[in-house]
Amino acid sequence: MPSHSTQTTINELIAGSFGGAAQVLVGQPLDTIKTRAQIAPKGMFKGPMDILSQTLRKEGFLALYKGMLSPLLGIAGVNSLLFAAYGTSKRLISPFPDLSLKQIAAAGAMAGAANAILASPVEMFKVRMQGQYGAATDKRLRVVISEMWRDWGFRKGIMRGYWVTVAREIPAYAGFYSAFEFSKRSFAKKYGDDIPVWALLASGSTGGVAYWLACYPLDVVKSRIQLRAEPPKGSPIQYIVREFREIVIEAGRHCGWLVPGIDSIFAEKHSCSGKHLCRVRVDKRIPF
């Protein structure tokens, strides 16, 4: 019989796989709108609704799922790694199950850093697929992967944008897990351990909003870096700062440069909160 720790890790891996698949299927259309808002040439779209309208009119409904194969193939591993890393991080921070919100945030940050190892290539290929707008020269995922490997190799090709992904994931998951736990604990004070489904969904939505508020500008930078034809030059800090400056220059002196497409990602995170409910239900029911 496996130990209790092994059972917990297995449950976290399986729950992450189920939750990840649900996240991709529900959230991909909104993610496509978000990514195109971040990376489209200036003046191509007027806003998220225009992105939706033009995408449907010019490319068809299935274009909203463009780039889905990369996260669908990789999200099981990504979310499994995330949930396992989060569970392990909590146990490293404290041997006791009831962590403070500061400890929860620290565990989330550690899990986010670990998660970037798989999240970076998965999202890079997704972004490069979403950055194609229905032209005859559009490429299939296998061609994109092959060309990145052939032209740039592993570090500058497959793992392009890794360090900015790390920089994004650390505050993102610190914000997500602390907000999720705060909301869930607030509901637990009223309902006890048997928290209603709607309360878990609301907690997941709260965590999703906190996730994006903590990291969205870095997500814009990440998408642009991963879409570029050539890998970034200089140290991670140098090219991240340089990308920030270019965004400011392109967008002008107003706050919109920080948050292109942010309204669509709030909708996406609300709709995807079910993955965390899925994790809770699977953890309770898997008989390991």
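**Helix by helix**

Mentor: The buried residues of H8 are Tyr239, Ile240, Glu243 and Ile247, where buried means under 20% relative accessible area, exposed over 50% and partly exposed in between, with a 1.4 Å probe and protein chains only. They span an arc of only 105 degrees around the axis, which puts them on the same side of H8; the arc is that of the directions from the helix axis to the C-beta atoms.

Trainee: Before we go on, what kind of model is it, and how are residues numbered?

Mentor: This is a predicted model, in which local features need pLDDT of at least 70 and side-chain atom pairs count only at pLDDT 80 or more, while totals for chains, interfaces and linings use all residues. Residues are numbered from 1 along each chain as its sequence is written, and side-chain values use heavy atoms, with hydrogens and water left out.

Trainee: Back to the helix. Why would residues three or four places apart point the same way?

Mentor: An α-helix has 3.6 residues a turn, so residues three or four places apart point the same way.

Trainee: Which residues are exposed on the other side of H8?

Mentor: Ile237, Arg245 and Ile249 are exposed there.

Trainee: And Arg242, where does that lie?

Mentor: Arg242 is also in helix H8. Its relative accessible area is 36%, so Arg242 is partly exposed. From C-alpha to C-alpha, Arg242 and Pro232 are 9.7 Å apart in space, and they are 10 residues apart in sequence.

Trainee: How many residues does H8 have, and what is its reach?

Mentor: H8 covers residues 236–251, which is 16 residues, and reaches 23 Å from its first C-alpha to its last, close to the 22 Å expected at 1.5 Å a residue. The expected span is 1.5 Å times one less than the number of residues.

Trainee: What do the buried residues of H8 pack against?

Mentor: Helix H6 (162–191) and helix H7 (197–227). H7 and H8 pack at an angle of about 100 degrees, with their axes 10 Å apart. That makes H7 roughly perpendicular to H8. Angles under 35 degrees count as roughly parallel, over 145 as roughly antiparallel, 65 to 115 as roughly perpendicular and the rest as oblique. Axes are lines fitted to C-alpha atoms, for helices over the stretch in contact, and angles run from 0 to 180 degrees between N-to-C directions.

Trainee: OK, zooming out. How many helices and strands does the chain have?

Mentor: There are 10 helices and zero strands. Both are DSSP runs numbered from the N terminus: helices are H or I with at least four residues, strands are E with at least two. Of the 288 residues of the chain, 47% count as buried.

Trainee: Which residues have the most contacts inside the largest nonpolar core?

Mentor: Tyr177 and Tyr211, in a core of 25 residues. A nonpolar core is a set of buried Ala, Val, Leu, Ile, Met, Phe, Trp, Tyr and Cys residues joined through side-chain atoms within 4.5 Å. Helix H3 (69–93), helix H4 (101–130), H6, H7 and H8 each give two or more residues to this core. H7 gives the most, with eight residues.

Trainee: What does Tyr177 touch?

Mentor: Not counting residues up to four places away in sequence, Tyr177 touches Leu82, Phe83, Tyr86, Ile104 and Gly108. Contact means heavy atoms within 4.5 Å. A second, separate core of seven residues includes Phe125, Met129, Leu141 and Ile158.

Trainee: New topic: Ser120. Buried or exposed?

Mentor: Ser120 is at 0% relative accessibility, so it counts as buried. Ser120 is placed in helix H4. Leaving aside neighbours within four places in sequence, the contacts of Ser120 are Met159, Arg160, Gly161, Tyr162, Thr165 and Gln226.

Trainee: And Gly157, which helix is that in?

Mentor: Helix H5, residues 141–158. Gly157 counts as buried, at 0% relative accessibility. With neighbours within four places in sequence left aside, Gly157 is in contact with Met124, Met148 and Trp152.

Trainee: Last one: what does Thr55 touch?

Mentor: Thr55 touches Arg36, Gly60, Ala63 and Leu64, not counting residues up to four places away in sequence. Thr55 is in helix H2, residues 48–59, and counts as buried at 1% relative accessibility.
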